[in-house]
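Work through these exercises with the model beside you. Try each task before reading its solution.

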Amino acid sequence: MGEYHHGFSVSIERSSDERVLLSLHARGKLEHQDYETLVPMLESAVAGMTHPKIDVLFDMRELEGWETRAAWDDFKLGLKHGRQFDKVAMVGSKYWQEIAAKVGTWFIGGEARIFATREEALAWLQESA
């Protein structure tokens, strides 16, 4: 049996009264339970905000894909919070990740870009914050 490498870390910080930075780092495949962790954290972070803006820093360098159910969860999250997402910065260089960035913009009201490094992604997120 091969080793199973899966990891998902989430951190959420308020950068201002109405702005939140959601940092995600995924390793292996995104699973349904990852969304069960993420969604309540995001809900509580934006609770009480009138017009929340959510910036996302998503480190995809070790992401290998996602389960079908997790992709459906992603779609539902986008429908519910789509207009609240402002900037989505993805860190990674694989071709399929560029496709994921394009697909992501279908559900997100904001702008999605892909970067080679975490530093470049953060700098872009902080430009207008």
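## Exercise 1: A residue in α2

His81 sits in helix α2. Helices here are DSSP runs of H or I with at least four residues, strands are runs of E with at least two, and both are numbered from the N terminus. A word on the source: this is a predicted model, in which local features need pLDDT of at least 70, side-chain atom pairs count only at pLDDT 80 or more, and totals for chains, interfaces and linings use all residues. Residues are numbered from 1 along each chain as its sequence is written, and side-chain values use heavy atoms, with hydrogens and water left out.

Task: decide whether His81 counts as buried or exposed, and list what His81 touches.

Step 1. Recall the cut-offs: buried means under 20% relative accessible area, exposed over 50%, and partly exposed in between (1.4 Å probe, protein chains only). His81 has 4% relative accessibility, so it counts as buried.

Step 2. Look for contacts, meaning heavy atoms within 4.5 Å. Not counting residues up to four places away in sequence, His81 touches Leu42, Glu43 and Val46.

## Exercise 2: Two helices side by side

Task: describe how α1 and α2 pack, then sort the residues of their contact.

Step 1. Helix α1 covers residues 32-46 and helix α2 covers residues 68-81. Their axes lie 9 Å apart, at an angle of about 15°. Axes are lines fitted to C-alpha atoms, for helices over the stretch in contact, and angles run from 0 to 180 degrees between N-to-C directions.

Step 2. That angle makes α1 roughly parallel to α2. Angles under 35 degrees count as roughly parallel, over 145 as roughly antiparallel, 65 to 115 as roughly perpendicular and the rest as oblique.

Step 3. The crossing of α1 and α2 is right-handed.

Step 4. From α1, the contact uses His32, Tyr35, Leu38, Val39, Leu42, Glu43 and Val46. They meet Arg69, Ala70, Asp73, Asp74, Leu77, Lys80 and His81 in α2.

Step 5. The contact of α1 with α2 holds seven nonpolar, two polar and five charged residues. Ala, Val, Leu, Ile, Met, Phe, Trp, Tyr, Cys and Pro count as nonpolar, Asp, Glu, Lys and Arg as charged, and the others, Gly among them, as polar.

## Exercise 3: The faces of α4

Task: find which residues of α4 are buried, and what they pack against.

Step 1. Helix α4 spans residues 118-126, and its buried residues are Ala121, Trp124 and Leu125.

Step 2. Seen down the axis of α4, these residues fall within an arc of 100°, so they line one face of the helix. The arc is that of the directions from the helix axis to the C-beta atoms.

Step 3. The face turned away from the buried side carries the exposed residues Glu119 and Gln126.

Step 4. The buried residues of α4 pack against β2 (19-30), β3 (53-66), β4 (85-91) and β5 (111-115).

## Exercise 4: A residue in β4

Step 1. Val91 and Leu122 are 31 residues apart in sequence, and 9.7 Å apart in space from C-alpha to C-alpha.

## Exercise 5: The whole chain

Task: give the order of elements in the protein chain.

Step 1. Count four helices and five strands.

Step 2. From the N terminus on, they run β-β-α-β-α-β-α-β-α.

Step 3. Of the 129 residues in the protein chain, 42% are buried.

Terms used:
A crossing is left-handed if the near helix is turned anticlockwise from the far one by less than a right angle, and right-handed if clockwise.
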